[in-house]
Amino acid sequence: MSKLFSVARLKCPRCHKGDLFVKQNPYSFKDAMKMPDRCPVCGQDFQIEPGFYIGALWTSFPIVIFIMALLSILLLVFIKMDLNWFFVTLTLILFLLQPLIIRLGRAIWINIFVDYEEDAIEE
Ligand SMILES: [Zn+2]
């Protein structure tokens with residue numbers, strides 16, 4: 001449950017207070033993916049090792065698949081959209097959601113390695 005909280009709010013997996021990303025808005029073109037080196041609240045290292053977030057591809061990929069499946073059902077089954085329009089719409093929506101998906105993927109990824117600690121405040 002607590003990991004779900006951290007992922008959904010994009011908070012530090014250790015203290016659940018510090019923000020994982022510098023900018024709150026995923027669509028601020030500059031620095032959208034920028035993360036602090038350490039949690040501003042508890043000091044948890046956010047860049048656990050060089051290239052740590054390359055592994056986050058493994059967590060964002062299932063999100064993409066899930067959204068694609070959901071959209072396919074919605075657009076093809078319920079709206080009965082023309083196949084050409086379906087692909088255009090699918091591509092567009094996935095493109096627009098990309099910053100959110102990457103953020104979620106990274107949040108899930110770091111939560112796999114870092115656990116919540118009740119009083120994790122930097123000494
Ligand atoms: Zn923290």
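Colleague: Is valine 77 buried, partly exposed or exposed?

Modeller: Buried means under 20% relative accessible area, exposed over 50%, and partly exposed in between (1.4 Å probe, protein chains only). Valine 77 has 47% relative accessibility, so it is partly exposed. It sits in helix H2; helices are DSSP runs of H or I with at least four residues, numbered from the N terminus. This is a predicted model, with residues numbered from 1 along each chain as its sequence is written. Local features need pLDDT of at least 70, side-chain atom pairs count only at pLDDT 80 or more, totals for chains, interfaces and linings use all residues, and side-chain values use heavy atoms, without hydrogens or water.

Colleague: What coordinates the zinc ion?

Modeller: Donors are N, O and S atoms within 2.8 Å of the metal (3.2 Å for Na, K and Ca). The zinc ion has the SG atoms of Cys12, Cys15, Cys39 and Cys42 at 2.2 to 2.3 Å. Cysteine 12 and cysteine 39 are 27 residues apart, both in the loop between helix H1 (2-9) and H2. Cysteine 12 is buried, at 0% relative accessibility, and so is cysteine 39, at 3%.

Colleague: Why does the arrangement count as tetrahedral?

Modeller: Four donors qualify if all angles lie between 85 and 135 degrees. Around this zinc ion the angles run from 107 to 113 degrees, so the arrangement is tetrahedral.

Colleague: How many aromatic pairs are there?

Modeller: Rings of Phe, Tyr and Trp (six-membered ring) pair with centres within 6.5 Å; planes under 30 degrees apart are stacked, over 60 edge-to-face, the rest tilted. The structure holds five pairs. One of them, phenylalanine 52 with tryptophan 109, is tilted, at 6.1 Å and 45 degrees. Phenylalanine 52 lies in the loop between H1 and H2 and tryptophan 109 in H3, so the pair ties together parts 57 residues apart in sequence. Phenylalanine 52 and phenylalanine 113 have centres 5.4 Å apart and planes at 70 degrees, so they are edge-to-face. Phenylalanine 52 is buried, at 6%, whereas phenylalanine 113 is partly exposed, at 47%. Phe52, Tyr53, Trp109 and Phe113 form one aromatic cluster.

Conventions. Helix = DSSP H or I, 4+ residues; strand = E, 2+ residues; numbered from the N terminus. Tetrahedral: all angles 85-135°; square planar, octahedral: opposite > 155°, others 65-115°.
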